[in-house]
Amino acid sequence: MMKDQPSERRCIAILVDNEAGVLARVIGLFSGRGYNIDSLTVSEVDPQKHTSRITIVSNGTAMILEQLKAQLGRLVPVQKVVDMTLDHDSVERELALVKVKGTGEKRVESLRLSDAFRAQVIDTTHESFVFELTGSPSKLDAFVNLMRPLGLVDVSRSGVAAIARGSEGM
Amino acid sequence: MKANKDASHPRMTGAEIVIQALIDQGVDVIFGYPGGAVLPVYDALFEHDQIRHILVRHEQGAVHAAEGYARSTGKPGVVLVTSGPGATNAVTGLADAMLDSIPIICLTGQVATRLIGSDAFQEADTVGITRPCTKHNWLVNDVDTLPKIMHDAFYVATHGRPGPVVVDLPKDIQFAEADYTGPSNEGHRNYQPQVKGDPDKIEQAVAAMANARRPLFYTGGGVINAGPEASRRLRELVQLTGFPITSTLMGLGAYPASDPQWLGLVGMHGTYESNNAMHDCDVMINIGARFDDRVTGNIEKFSPGSKKIHVDIDPSSINKTIMVDIPIVGDCAHVLAAMLEVWKRKKIKKDPSMHRDWWQQIDTWRARNCLSYQQKGQVIQPQYAIERLYALTRDKDVYISTEVGQHQMWAAQHFKFEQPNRWMTSGGLGTMGYGLPAAVGIQIAHPGSLVIDIAGEASVLMTMQEMSTAMQYDLPIKIFILNNQYMGMVRQWQELLHDKRYSHSYTEALPDFVKLADAYGGHGIRITCADELDAGIQEMMAVDKPVLVDCMVDQQANCFPMIPSGAAHNEMILSDQDEPTEISEEGKMLV
């Protein structure tokens, strides 16, 4: 009955007490129970209340994903678990730093494409650029793929940050 | 303890704070083993006589003893061990308590904070190692936070689904001073488990129960953990509805085994009637059980036609392996009370005609007499040994612990429990070596009672050193070994799954258990034939000190009935005489 369920992508936001070991607890839960992590971001969001927000993109069957949320909810330092995909109409953004090396026509083409993607040049030499690009994960994928034949050297991505649309919280 | 202006917040060292918190939490006994990194706490303990310390012989034994204490009393068990090997030795016990939901507070010594991470002597990353096998753990790096952490530790261990917690105490924190604060009633900022069930869901559940033609209660350790009131309410509800009831290994005793509505154990070695009733029921009422794989067998074929009600205090237990129709998150005692209230309010009458066919069907299953065995001649059948043990101890105030394996299943099948908290066994983790130290903890909690560890000769050797603990504290525990010289359950699986290739499951060199008992200062009894059995058991009970009974049993006996791996509840093997069942390739992968 479970074998036939299709795999889905989910973005899950977790508010946690910012205390030692809390990220290890969350990650340990994923590795220990065999859940997938496609991306993960974490940062303190409320210094007064010592609250951090962890955003995890995962995939699995609906049953696994419900189980994953229930398991997260069981961790003592976890304040709240919110399914940003299922329970909210949310916006997702990710930041990428992309280094491209090249000269001549390829260098010009990479700059032209970066403009089309509204990327910023944040570092340059005579033969390289570092682009800063923000957008949905799929936009970043597309940009990185375009840079590949133009001399892609390295990519650093932040992982997904997500927030609910509208005036309500989360 | 130094004087302080504020009497409610006296100034203390970290070590004193630990002891004071234990006293304020109502702890009267702890199980432990000293070592360098925990000496300040031991020093503070030296001055207090409110807390009794039981010195074990191995830290695993400390945790199992605390588990035995906790399960037989309903109170949390407390453990005190040192850093490094002290903590790692405790890990098996913690994992055991985690899987069986036993409230344990384990205090571990740690190297001084400035040495953490330097590979110091007896340093281990205790919070790292115990993170997946505890409900929560704390490394105390500021003595000012220690009082709250101590009280939080008790709160987390005992609220919601109970479980083990670890408080890791660096040595400098034990010496540092802070203001002590007593327990508060505020609970925990985040951790507030849902105790009361959703009233709408409870109404739905009762409606489904009222209309059921083939209902079945399937109960588990959650009923025991919810306290004696939960067991009383379960009995009332089962009587009121007239439904049959079965239970997991963890739930034995919540419902009296002598009652006609009781079908016996469910699962891999459960009764024919219980497992067939699970398969064929139309409404399954799961109270405090977790659809464990030992119970469900092949989940694809598990109880295909039933509407399933699941009461569990842990939301993550719901729909984990089996999708249910009516999930109710809450404490069993509360939900059972609410179910009773709705049933009575709606004036639902027990209608015997509605379930007559169902009970008739159950009676035909019962008529198979699935637990029967042949006791012929003088070779003792292990089932017979358990039956005699049960018969001869019926009028006693008896507590049973077990090790893990065939003897454990035979005990679950043939020893009948009438009360909760009388049956202590390692269910989830299946920890060989659990029973002897657990018996130590049980006997500490119930000094005048008869405490028996029903053991196998392989399991009991894993923690045999706790005989020495039993001697030190004059604990007259009885260790009743069903000795077949094999790791019996391993041998049984090798027979069924590996063409009788008995790879390393036979113990060539066993100690002389009678001499071993003598060596510890206890009493040893050997039983070699059926005629000696009753006298041996009588002697065991008559001797007022730790007793090792070496009961030699049939080496080839197998534990039946059995649901083979990968099979459904209605595909049980009842005996060796059954047609050999072909175990599927998929089934062989399962444990």
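Predicted model: local features only at pLDDT ≥ 70, side-chain atom pairs only at ≥ 80, totals over all residues.
In chain A, if we take the contacts, meaning heavy atoms within 4.5 Å, between residues at least 6 apart in sequence, 72% of them join residues at least 24 apart. Residues are numbered from 1 along each chain as its sequence is written, chains are lettered from A and ligands numbered from 1 in the order in which they are written, and side-chain values use heavy atoms, with hydrogens and water left out.

Staying with chain A, its secondary structure comes to four helices and nine strands, where helices (H or I, at least four residues) and strands (E, at least two) are DSSP runs numbered from the N terminus. Along the sequence these follow the pattern β-α-β-β-α-β-β-α-β-β-α-β-β, and the C-alpha trace spans about 55 × 45 × 35 Å along its principal axes. Of the 170 residues of chain A, 42% count as buried, which is to say under 20% relative accessible area, with exposed meaning over 50% and partly exposed in between, for a 1.4 Å probe and protein chains only. One residue to look at is A:S114, found in helix α3 (residues 104-116) of chain A, which is buried with a relative accessible area of 2% and which, leaving aside residues up to four places away in sequence, touches A:A119, A:F131 and A:F143.

Turning to chain B, there is an open sheet of six strands with parallel pairing, in the order β3-β2-β4-β5-β7-β6; two strands pair if DSSP finds at least two bridges between them. β3 (52-55) and β6 (136-139) of chain B stand at the edges, each with a single partner strand, so one side of each has no neighbour in the sheet. From one strand to the next the twist averages 20°. Within this sheet, strands β4 (residues 77-81) and β5 (residues 104-110) of chain B pair in the parallel sense over five bridges, and B:V79 has B:C106 as its bridge partner in β5(B). Helix α2 (residues 39-46) of chain B packs on the sheet, touching β2 (29-32), β3, β4 and β7 (164-170) of chain B, and its direction makes about 125° with that of β4(B). Helix α3 (residues 59-73) of chain B lies across β2, β4 and β5 of chain B, running at about 165° to β4(B). Such angles run from 0 to 180 degrees between N-to-C directions, and axes are lines fitted to C-alpha atoms, for helices over the stretch in contact.

Further along chain B, five of the six residues of strand β13 (residues 307-312) are buried, so β13(B) is largely enclosed by the rest of the structure. Five bridges join strand β12 (residues 283-287) of chain B to β13(B) in parallel, with B:M284 partnered by B:K308, and four bridges join β13(B) to strand β14 (residues 326-329) of chain B, also in parallel, with B:D312 opposite B:V329.

Last, helices α10 (residues 228-241) and α13 (residues 332-345) of chain B pack at an angle of about 30°, their axes 9 Å apart, which makes α10(B) roughly parallel to α13(B), a term for angles under 35 degrees. Among the residues making the contact are B:L234 and B:L237 of α10(B) and B:L336 and B:W343 of α13(B).

Technical notes. Parallel < 35°, antiparallel > 145°, perpendicular 65-115°, else oblique.
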